[in-house]
Amino acid sequence: MSSLGQGAAPPVFLRLAAHPLRWQLLSELANSDYRVRELVALVDQPQNVVSYHLRLLRDGGLVTARRSSFDGRDSYYHLDLDRCADALADSGAALHPALRNGIEPSTQRPRRVSVLFVCTGNSARSPIAEALLRQHTDGRVVATSAGSRPKRSLYPNTIRVLHKEFGIDLSGRRPQHLDSLAGRSFDYVITLCDKAREVCPEFGRHPHRVHWSIADPATAGETDRDNYPAFQQTAAEIDTRIRHLLPVFVSTNRQEVQP
């Protein structure tokens, strides 16, 4: 009998994900960012049990938490899909080197869907998401963004980071109010701001509601020069989430959207 891997413990990812409740939590967080009380309701388990298993997932590097900008006493939990992909590849390689296969977001043509991105000011996070989704799908997905309390103009660093990092020109773009979209229907409504999530109205056709808890990069410094790194980080995070969103559009049978 071969001694390859004899006596070795299963990879950490497998030990974490194999637990039924932790797998359920991972599955829910693959759909959207959630607060603890929302996860408690989704998995129908006591809060202390859910918090315990979330701590294990955080310690394992699969889940992160970010303070809510709506209520600082709350935190939103987020599943790091890139980290999961790496962990899955490493787990396969631990069994046999031939099983190391990178997991990349699908490059298939997405189906025709309409997506609305929402944040408070429609001046940073949501227009960045709108622009990146359009770029990744060559306009085949109808992407729109709006704000619950739109600013008078985009932040200069929104325009700068999209142009410098992604070659996208948003110089003529102006924020718009959610009210201007009354009567429109969308397949997905994705909120990127904790405050906007609380006031985002319902839209027709029962769209998939998803939340990405992303901090406002404009609050990271007093000047454009100070907060540009935050804009870079925010754009990179949104780009990662967009890339993981694309396989959902390819599959017409999926009932939930992934971040």
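**Cysteines and the second largest pocket**

A search of the whole structure, which is a predicted model, finds zero disulfides. A disulfide is a covalent bond between the sulfur atoms of two cysteines. For C193, the closest cysteine sulfur is that of C119, and because the two sulfurs are 6.2 Å apart, they are too far from each other for a bond, the cut-off for a disulfide being 2.5 Å. C193 is also buried, since its relative accessibility is 2%, and another cysteine, C84, counts as buried at 9%, where the limit for that class is under 20% relative accessible area.

C193 leads on to the pocket itself. The second largest pocket holds about 320 Å³ of space. Its lining is made up of 18 residues, and those closest to the centre of the pocket are T120, R125, C193, K195 and D216. Sorted by class, the residues of this lining are seven nonpolar, six polar and five charged. Helix α8, which spans residues 194-199, contributes the most to the lining of the second largest pocket, giving three residues.

S32 belongs to the loop that runs between α2 (20-29) and β1 (34-35), and S32 counts as buried because its relative accessible area is 2%. A polar atom of the S32 side chain lies 2.9 Å from the backbone nitrogen of H211.

Note on methods
Residues numbered from 1 in each chain as written. Predicted model: local features only at pLDDT ≥ 70, side-chain atom pairs only at ≥ 80, totals over all residues. Heavy atoms only, no water. Helix = DSSP H or I, 4+ residues; strand = E, 2+ residues; numbered from the N terminus. Buried < 20%, exposed > 50% of the residue type's maximum accessible area, 1.4 Å probe, protein only. Polar contact = N/O pair within 3.5 Å; in protein donor to acceptor, adjacent residues only side chain to side chain. 1 Å grid on protein atoms, 1.4 Å probe; cavity = no way out; pocket = protein on both sides within 12 Å on 5 of 7 lines; lining within 4 Å. Points joined across faces, edges and corners; volume = space filled by probe spheres on them. Nonpolar A, V, L, I, M, F, W, Y, C, P; charged D, E, K, R; others polar.
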